[in-house]
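Good morning, and thank you for the time. Please look at the structure on the screen while I go through its salt bridges, its overall fold and its surface.

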Amino acid sequence: MKIIIQFLLAIPGTNAPVERAFSLMNSYWSDEKSQLSEETLEAVMRVKVNMEETCVEFYNRILTDNNILRRIQASDKYDRVV
């Protein structure tokens with residue numbers, strides 16, 4: 001019974017988040033911008049959907065976070081920054 005309840009509670013009440021993601025994707029992957037690779041589009045979508053900071057806030061956070069600055073200058077740039 002617990003598994004069924006967990007499953008039911010995991011189902012979103014609306015499809016608004018999915019619609020938002022498709023809308024964002026369509027705005028980036030239109031006819032004019034169809035040169036984006038799927039990998040680039042995925043990266044753009046991850047940032048757009050998951051980033052809650054403004055550009056200025058993100059810039060200031062990077063400037064004050066020595067760990068991020070060190071990783072930017074290192075050779076392991078493409079590893080996930082936690």
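Arg 61 has a relative accessible area of 34% and is therefore partly exposed, a class that lies between buried, under 20%, and exposed, over 50%, with a 1.4 Å probe and protein chains only. The side chain of Arg 61 meets that of Glu 53 in a salt bridge, at 3.0 Å from N to O; the term requires a side-chain nitrogen of Lys or Arg within 4 Å of a carboxyl oxygen of Asp or Glu. Glu 53 is partly exposed because its relative accessible area is 28%.

This is a predicted model, in which local features need pLDDT of at least 70 and side-chain atom pairs count only at pLDDT 80 or more, while totals for chains, interfaces and linings use all residues. Residues are numbered from 1 along each chain as its sequence is written, and side-chain values use heavy atoms, with hydrogens and water left out.

The structure holds two salt bridges. Glu 42 and Arg 46 form one of them, at 2.7 Å from N to O. Both residues lie in helix α3, four residues apart, about one turn of the helix; helices are DSSP runs of H or I with at least four residues, strands runs of E with at least two, numbered from the N terminus. Glu 42 is partly exposed because its relative accessibility is 42%, whereas Arg 46, at 52%, counts as exposed.

As for the fold, the chain has five helices and zero strands. Of its 82 residues, 7% are buried.
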